[in-house]
Each structure stands twice: as structure tokens, then as C-alpha cells.
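Here is a short briefing for a reader meeting this structure for the first time. Keep the sequence and the 3D view at hand while reading.

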Amino acid sequence: MVKRSTLLLIACLVWGCAGANILRIGLAAYPAYLSVLNLVLSAVVFAVFQRFIFGPLVKKHTGRITGYEAERHFFLKFFDLRSFAIMAVMMTGGIWLRASGVGPEVFIAVFYSGLGASLLLAGLLFGRNYYRLRSAC
């Protein structure tokens, strides 16, 4: 059992590590495809995921966690079942995409860089919310 605030820290670490890893994969593939167009496309991927998926996800789960009345919770309650399912589908799809060779290397470079940066920012936002909650106590 962990404190409510620790759930935010766990979310920070999970999303931050996932984002850093995906960003690392994308950036490793980028040098051969570096162009203004690809950088713009990566920025668009980042913006779409941040605006429509990860930004709202951070707000939703921070609100849920800070709304808990009890102070201590099971450590996996940093997400709900639906979010774990989404995470599993994304991980499976990403692994399949790279292993199957269906996605060309330029796609991996552009898409993974934008997605990874958005995931990393989500992790950082969970971290910010953790420190805000800890400071308020």
C-alpha cells in the first residue's frame, strides 16, 4: 500500500520511462531521415497525442487519484483497468510494428519521436502533479 501522492510518482516513472525509451528508438532512426518536413510531422504527432490522449489522461488520473478519500492504496491504482488495456494495446502494436517490418524506418523515426516526446511529457506532468500534491500537504 502506498500514499495517494506516490501513485502520481509511479505514473510519472512509468510514463516517463516509456516515453524516454520510445523517444530513444525514434531519435536513433532519425539521422538518415532528418528534414524539415519530418521534424514538422514529428511535431504534429506530438501535438495530436498530447492534446487528445496524454494531456487528458494526465488530468483524468490526477483528478481521480487526488479525489481518493483514503490515504493508502494498492500501487497499481495509478491507472484504471481501461488505461492498462490501452497501454497493453499500444505496447503490443508498437512491438509488432517494429518486429514485423511493416512500418518503414522513416515512419519509426518520425512517429516514435513525436509519440515518445508526448509520453515523456505526460510522465513529467505526472511528476509535476506529484510535487504539487506533496507541497500542499
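Among contacts in the chain with a separation of 6 or more, 79% join residues 24 or more positions apart. The model is predicted. The chain has 137 residues, and 41% of them count as buried. Its secondary structure comes to 4 helices and 2 strands.

**Overall layout**

- Read from the N terminus, the order of elements is β-α-α-β-α-α.
- Along the principal axes, the C-alpha atoms fill a box of roughly 50 × 25 × 20 Å.

**Helix α2 with helix α4**

- Helix α4 covers residues 105–136, and helix α2 covers residues 36–66.
- The axes of α2 and α4 are 8 Å apart, and the packing angle is about 30°.
- The cut-off for roughly parallel is an angle under 35 degrees, so α2 and α4 count as roughly parallel to each other.
- The crossing in which α2 passes α4 is right-handed.
- Sorted by class, this contact of α2 with α4 holds 19 nonpolar and 10 polar residues, with no charged residues.

**Two buried residues in these helices**

- Val58 sits in helix α2.
- Is Val58 buried or exposed? Val58 is buried, as its relative accessible area is 3%.
- Beyond its neighbours within four places in sequence, Val58 contacts Ala122, Leu125, Phe126 and Asn129.
- Ser118 belongs to helix α4.
- The relative accessibility of Ser118 is 0%, so Ser118 counts as buried.
- Leaving out residues up to four places away in sequence, Ser118 touches Phe46, Phe49, Gln50 and Phe54.

**Helix α1 with helix α2**

- Helix α1 spans residues 4–29, and its axis comes within 9 Å of the axis of α2.
- The two axes cross at roughly 160°.
- Angles over 145 degrees count as roughly antiparallel, and α1 and α2 are therefore roughly antiparallel to each other.
- The crossing of α1 past α2 is right-handed.
- On the α1 side, the contact is made by Arg4, Leu7, Leu8 and Trp15.
- On the α2 side, Phe54, Leu57, Thr62, Ile65 and Thr66 take part.
- By class, the contact of α1 with α2 has 6 nonpolar, 2 polar and 1 charged residues.

**Helix α2 with helix α3**

- Helix α3 runs over residues 81–100, and its axis is 12 Å from that of α2.
- The angle at which α2 and α3 pack is about 150°.
- That angle makes α2 roughly antiparallel to α3.
- Here the crossing is left-handed.
- Which residues make this contact? From α2 come Phe54, Leu57, Lys60 and His61, and from α3 come Arg82, Ser83 and Met90.
- The contact of α2 with α3 divides into 3 nonpolar, 2 polar and 2 charged residues.

- Strand β2 covers residues 72–73 and holds His73.
- His73 has a relative accessible area of 7%, so His73 is buried.
- Setting aside residues up to four places away in sequence, His73 touches Met1, Val2, Arg4, Leu7 and Tyr68.

**Cysteines**

- How many disulfides does the whole structure hold? The search finds 0.
- Cys12 is in no disulfide, and the nearest cysteine sulfur, in Cys17, is 8.4 Å away.
- A disulfide needs the two sulfur atoms within 2.5 Å, so the 8.4 Å from the sulfur of Cys17 to that of Cys12 is too far for a bond.
- Cys12 is buried, because its relative accessibility is 16% and the cut-off for buried is under 20%.
- Cys17 is exposed, with a relative accessible area of 54%.

Technical notes
Residues numbered from 1 in each chain as written. Predicted model: local features only at pLDDT ≥ 70, side-chain atom pairs only at ≥ 80, totals over all residues. Heavy atoms only, no water. Buried < 20%, exposed > 50% of the residue type's maximum accessible area, 1.4 Å probe, protein only. Axes fitted to C-alpha atoms, helices over the stretch in contact; angles between N-to-C directions. Parallel < 35°, antiparallel > 145°, perpendicular 65-115°, else oblique. Left-handed = near helix turned anticlockwise from the far one by under 90°. Contact = heavy atoms within 4.5 Å. Nonpolar A, V, L, I, M, F, W, Y, C, P; charged D, E, K, R; others polar.
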